[in-house]
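Let's walk through a structure together, one feature at a time. Have a look first, then we'll talk.

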Amino acid sequence: RDKRWKTTREVISIGCVVLLLICIGYIIQTKMAGGDTTYGSNWSLFIMTTGILALLIYLNMGQRPKAIYLLVIFWGMVWILFDKSFNVIDEGAHMYIVNRVVNTREFPLVWENYEAVQGPVYYYAMAFLCGWIPEKIRYFACRIVGLGMLIIFGYISRRMIGKLDHYGLICADLRLQNVVWILFIMNPQILVRLTRVSNESLAVLISGAIIYLTIRMILEEYNKCNITFLTVLSAVAFLTKATTIFLFGTVIIVCTYYKKWRDLFVSIFILIILVSPWFIKNYITYGELTAMSGHLQFVIPIINPERISPDILLTLINFFDNFFFPVEVGYWYYYPQISTFLSVTCLFLFCTGVLIACKYLISFCYNGLHFCYDKSERQRMIVITFVMLPVASMIIHAISSSVTYINSLSCNRYFFLLNGAFACLLLMGASGIER
């Protein structure tokens, strides 16, 4: 076995060296021919980076992915330190709110900053963690905190995969588990997005904790304290980013599975109590439960000035499009085939998962929700959970898109908080194939 590993390392290392020489030769040839080497340099950088990452990741596939965490930290710090300008996707607006809270202890109004429509949790958390840092470099600190949240989210997701593996619901070997985990948790898109100043960083972290806790309760046993904690986390997620309200569906799923109807109504009451102050504050300030009107007055003239209704069906078909590569980094522009292949594959697998989950759901309803709580039934409930959450999120964004004329359903970054569920669903499907 050790001899085989040694041979594999040598083959991969030689392959990376060959790729490096080809890339350098391509640039030299282009330069000598008088052509523009910009495209060739970017192409070569992408190939070399891919080769090195493939080598490092593969050599650690059979182990716990400690080296992979270090690799993600390294690349995250590269993006943070070398990309010094505010990201085009609202980073400046988010940073303004953080600085405003630090300097005045007050939350801005929506006509002062269009992102003030968001809940306050992320901004006050960043003010608490980074408020002591000088304002000129504070946004670097906020980015580093976002990278830390991504690392913790990745760890929680890996623990969730390990939990399913422990209970025999995932039978894929460790290398395949790590490959899928990296694909969804550490891909360039989520790495770039979560190393920017944005409330999505905290929303992703909280969602990972919610889904992990939900899976634990489905696999092990019902716990009333955990349900209360799950409800509180759902409220915090909502007060971080309002479109995460669908995460409360985890409470509904768990209470329905164990038929704890009283606890479900208590959880709904707790959720209302926790989020009501934000609604009351908005109503007093703006005369409406949310500040969406002021937000739309600023955003719509930029994004959709003609107020054309978005094509929801086409958006759903292209849901995974550009899911793995951020547009502004350029990899999507140079290598659309890679993202297209991953997108089509994931869309096919997700649609298959939806059909399977619907079959399980119909079966449970037909039997009058009479559960026997065995391993097979718990596996079906987990599949339903992993599928119903993104479906619920899509429905919320589809309704929002139809009402506001802003196609939020096409913003795939809103679904990063479900990447752990996507990874587990894919691995469970692969385990079924292996069986």
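A: Let's start with C142, which is buried, with a relative accessible area of 1%; buried means under 20% relative accessible area, exposed over 50%, and partly exposed in between, using a 1.4 Å probe and protein chains only. Before going on: this is a predicted model, where local features need pLDDT of at least 70 and side-chain atom pairs count only at pLDDT 80 or more, while totals for chains, interfaces and linings use all residues. Residues are numbered from 1 along each chain as its sequence is written, and side-chain values use heavy atoms, with hydrogens and water left out.

Q: How many disulfides does the count come to?

A: A disulfide is a covalent bond between the sulfur atoms of two cysteines. Here the rule is a pair of cysteine sulfur atoms within 2.5 Å, and by that rule the count is 0.

Q: Which cysteine sulfur is closest to that of C142?

A: That would be the sulfur of C130, but at 4.0 Å it is too far for a bond.

Q: How do I read a helix, say α3, and what length does it reach?

A: Helices are DSSP runs (H or I, at least four residues), as strands are (E, at least two), numbered from the N terminus. The expected span of a helix is 1.5 Å times one less than its number of residues. Helix α3 covers residues 66-82, so 17 residues, and reaches 25 Å from its first C-alpha to its last, close to the expected 24 Å.

Q: Which residues in α3 are buried?

A: You'll find I68, Y69, L71, V72, G76 and I80 buried there.

Q: What about backbone angles: which residue has a positive phi of about 65 degrees?

A: Look at R105, which is not a glycine. R105 sits in the loop between α4 (91-104) and α5 (121-130), and at 62% relative accessibility it counts as exposed. Then there's K259, also not a glycine, with a positive phi near 60 degrees. K259 is in the loop between α11 (249-258) and α12 (261-286), and its 34% relative accessibility makes it partly exposed.

Q: And sequence versus space: how far apart are T352 and G429?

A: Count 77 residues along the sequence, but 9.4 Å in space, C-alpha to C-alpha. T352 belongs to helix α16 (residues 336-366) and is partly exposed, with a relative accessible area of 30%.
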